[in-house]
Structures are given as structure tokens and as C-alpha cells.
Amino acid sequence: MIDVENYIFEQIKGTVGSEAKGFSTTNSETPPEFPFLCVEQKDNPEYTLANDSSGEENAIKPLFEITCYTKDTGKKTQAKKIMSIVAQEMKENGFTRIFGPQEIENISNPTIFRMVARYQAVVDKNNKIYSI
């Protein structure tokens, strides 16, 4: 199975750096520290247009959901700044933003600001990434 989750996570973590205090690949309604960035691979289906008679998986179409959590003064501005860095990194890696960034109400704790964006691309078995 083709899997680029760790690669994308490390790329974003390295680029965002000290702008966020915490990073994870699993979502949490109440992060341990702020600002916090969750880089979650939500889907990893086979890209069937790349199928051939080999019977091997030739490409995937992964979906990444990036969630930024901030708190306190300037939380929206801070989230937008971090998500802008993420957007540039994802674009440089060949991913297309298909949703957001959009503010999502954090029902469990309204003092925590939450912003979400989703990205998608096609990745072949040699880990080459193609924009969609």
C-alpha cells in the first residue's frame, strides 16, 4: 500500500516549526498546548485511473485534513498565519486545497479557535505527487 502520511506530516512540521507548539497525526478536541496543528490523513483510496493489468496498486488519491487550534488574544490571526504556511507547503508538495481554510465551531470548548483545510493529490507507487 502506498502511504505518504509520515512524509507529509514531517514536511509540514518542519516548515511550520516554532509557529506551533504541538503537532499530531490524530485529532483532539482539546489539544495539550497552543497553537496546535493536527495533520491527519483522512482517506487513502486507490486511484483507479492508474490501474493496469499488473494487479498492483499504482497510485493513490490521499486526503489530508489539517486542523489548527489556537487560544487567547489574536487566535484567528495566528491560525490564519499558520494555515497560510501549511497551504504554501502543501502546494509545493503538489497538493490542491479542496476545502477551507474555514473556521469550525469547537462545541466542546468555545474558547479554543479551530480552523480546518483539506488537501488532495494523486501519488504514484514511486511517491511522485501529481496535483489534481
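**Stop 1: helix H1**

Select helix H1, residues 5-16, in this predicted model. H1 has twelve residues. From first C-alpha to last, H1 reaches 16 Å, close to the 16 Å expected at 1.5 Å a residue.

Now colour its buried residues: Ile8, Phe9, Ile12 and Val16. Look down the axis of H1. The buried residues fall within an arc of 100°, so they line one face of the helix.

What do the buried residues of H1 pack against? Show strand S1 (22-24), S2, S4 and H2 to see these partners.

Turn to the other side of H1. Asn6 and Gly14 are exposed there. Pick asparagine 6. Its relative accessible area is 59%, and exposed means over 50%, so asparagine 6 belongs in that class. Draw a distance from the C-alpha of asparagine 6 to that of lysine 81: the two are separated by 23 Å, and they lie 75 residues apart along the chain.

Step off the end of the helix. Glycine 17 follows H1, with a positive phi near 50°.

**Stop 2: helix H2**

Select helix H2, residues 75-92. H2 has 18 residues and reaches 26 Å between its first and last C-alpha, close to the 26 Å expected at 1.5 Å a residue.

Which residues of H2 are buried? They are Ala79, Ile82, Met83, Val86, Ala87, Glu89 and Met90. View H2 end on. Its buried residues fall within an arc of 165°, so they line one face of the helix.

H1, S2, S4, S5 and S6 are included in what covers the buried residues of H2.

Past the end of H2 comes glycine 94, with a positive phi near 95°.

**Stop 3: the core**

Go inside. The largest nonpolar core has 28 residues. Select Ile12, Leu37, Ile66 and Val86, the residues with the most contacts inside this core. At least two core residues come from each of H1, strand S2 (36-43), strand S4 (63-71), H2 and strand S6 (112-120). Which element gives the most to this core? H2 does, with six residues.

Centre the view on leucine 37. Leaving aside residues up to four places away in sequence, leucine 37 touches a set that includes Ile12, Val16, Phe23, Ile66, Cys68, Ile82 and Val86.

**Stop 4: the rings**

How many aromatic pairs does the structure hold? There are two.

Select phenylalanine 36 and tyrosine 69. Their pair is tilted, with 6.4 Å centre to centre and 55° between the planes. Phenylalanine 36 sits in strand S2 and tyrosine 69 in strand S4, 33 residues apart, and the pair links distant parts of the chain. Both phenylalanine 36 and tyrosine 69 are buried.

Next, select phenylalanine 64 and phenylalanine 95. Their ring centres lie 5.6 Å apart and their planes stand at 80°, so the pair is edge-to-face. Phenylalanine 64 belongs to strand S4, whereas phenylalanine 95 is in the loop between H2 and strand S5 (96-103), 31 residues apart. Phenylalanine 64 and phenylalanine 95 are both buried.

Then find phenylalanine 99. Arginine 118 lies over the face of its ring, at 4.5 Å from the ring centre.

**Stop 5: backbone details**

Most residues other than glycine have a negative phi, and most peptide bonds are trans.

Select phenylalanine 34 and proline 35. The peptide bond between them is cis, with omega near -10°. Proline 35 lies in the loop between S1 and S2.

Move to glycine 100 and proline 101. Their peptide bond is cis as well, with omega near 5°. Proline 101 is in strand S5.

Now aspartate 72, in the loop between S4 and H2. Its phi is positive, near 75°. Is aspartate 72 buried or exposed? Aspartate 72 counts as exposed, at 58% relative accessibility.

End at asparagine 127, in the loop between strand S7 (122-124) and strand S8 (129-130). Asparagine 127 has a positive phi of about 65°. At 47% relative accessibility, asparagine 127 counts as partly exposed.

Key. Residues numbered from 1 in each chain as written. Predicted model: local features only at pLDDT ≥ 70, side-chain atom pairs only at ≥ 80, totals over all residues. Heavy atoms only, no water. Core = buried A, V, L, I, M, F, W, Y, C linked by side-chain atoms within 4.5 Å. Buried < 20%, exposed > 50% of the residue type's maximum accessible area, 1.4 Å probe, protein only. Helix = DSSP H or I, 4+ residues; strand = E, 2+ residues; numbered from the N terminus. Contact = heavy atoms within 4.5 Å. Phe/Tyr/Trp six-rings, centres within 6.5 Å; stacked < 30°, edge-to-face > 60°. Lys NZ or Arg CZ within 6 Å of the ring centre and 35° of its normal. Expected span 1.5 Å × (residues − 1). Arc of directions from axis to C-beta.
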